[in-house]
Amino acid sequence: MAAKGILRASNAVMLLCDMQTKFVNHIQYFRDIAQASKRLLDASAILEVPVIASEHVSSSLGATIPELEIGSRKNVSVYEKNLFSMNTDEFKALYKPMQATRNAVILMGIESHVCVMQTALDLVQHVDVHVVADAVSSRTQHDRLFALKRMRQSGVFITTTESVIFQLMGGATHPGFKKILPLVRTPLAPQGLAAAPPSAL
């Protein structure tokens with residue numbers, strides 16, 4: 001098992017939580033977190049990190065937004081859920097075969113204070129959980145901020161998109177380094193996602 005808090009392409013799995021079409025106009029800074037999520041998904045393909053994506057009651061809330069291109073990504077597995085937490089029987093069937101070696105979870109999606117938080121609190125009992133602050137949001141900023149604080153209180157690591165990508169590589173000697181550079185050359189501009197004072201986190 002890797003030292004606590006360490007991310008490497010060889011020990012991680014990414015979780016994409018409920019980035020569905022019906023939420024687009026209801027979540028604060030949705031386009032910002034979609035951009036961050038796409039960057040993480042693009043990095044996962046280059047670095048060969050598996051991704052598990054959930055869709056919450058897709059018959060009502062729609063499929064994952066098309067710009068994330070999950071249908072064409074060979075490293076992404078998608079499943080349906082109706083619990084708020086991603087930690088369902090369907091999730092366990094996908095994750096259990098890789099859990100022994102991939103014991104660090106990178107979590108992005110919505111909503112921060114509901115599905116993301118419940119997933120993080122379930123999984124942190126067994127594995128390291130890294131919630132990507134600029135890739136999660138809620139309908140309100142205060143719910144998002146207090147969810148991040150609540151998760152940190154329970155031992156979840158709060159991080160950022162770029163930090164995750166560089167941690168996964170570990171150094172410029174990684175064979176995917178040159179392919180990753182175009183992804184990180186232009187910093188994300190998270191708008192209000194970063195507007196909270198540090199004391200809020």
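Modeller: The lining of the second largest pocket divides into four nonpolar, three polar and two charged residues (Ala, Val, Leu, Ile, Met, Phe, Trp, Tyr, Cys and Pro count as nonpolar, Asp, Glu, Lys and Arg as charged, and the others, Gly among them, as polar). Bear in mind that this is a predicted model, where local features need pLDDT of at least 70, side-chain atom pairs count only at pLDDT 80 or more, and totals for chains, interfaces and linings use all residues. Residues are numbered from 1 along each chain as its sequence is written, and side-chain values use heavy atoms, with hydrogens and water left out.

Colleague: What makes something a pocket, and which residues line this one?

Modeller: On a 1 Å grid over the protein atoms alone, a pocket is an open set of points with protein on both sides within 12 Å along at least five of seven lines, and lining residues have an atom within 4 Å of a point. Here the lining residues are Asn87, Phe91, Lys92, Tyr95, Lys96, Gln99, Leu123, His126 and Val127. Helix α3 gives the largest share, five residues.

Colleague: Why is phenylalanine 91 called buried?

Modeller: Buried means under 20% relative accessible area, with a 1.4 Å probe and protein chains only. Phenylalanine 91 comes in at 1%, so buried it is. This residue sits in helix α3, residues 89–99 (a helix is a DSSP run of H or I, at least four residues, numbered from the N terminus).

Colleague: What does phenylalanine 91 touch?

Modeller: Leaving out residues up to four places away in sequence, phenylalanine 91 touches Leu15, Ile52, Tyr79, Met86 and Leu123; contact means heavy atoms within 4.5 Å.

Colleague: What makes the pair histidine 113 and serine 138 a polar contact?

Modeller: The rule asks for a pair of N or O atoms within 3.5 Å; within protein, one must be able to donate a hydrogen and the other to accept it, and residues adjacent in sequence count only if both atoms are side-chain atoms. The side chains of histidine 113 and serine 138 are joined at 2.9 Å, a polar contact. Histidine 113 lies in helix α4, residues 112–123.

Note on methods:
Helix = DSSP H or I, 4+ residues; strand = E, 2+ residues; numbered from the N terminus. Buried < 20%, exposed > 50% of the residue type's maximum accessible area, 1.4 Å probe, protein only. 1 Å grid on protein atoms, 1.4 Å probe; cavity = no way out; pocket = protein on both sides within 12 Å on 5 of 7 lines; lining within 4 Å.
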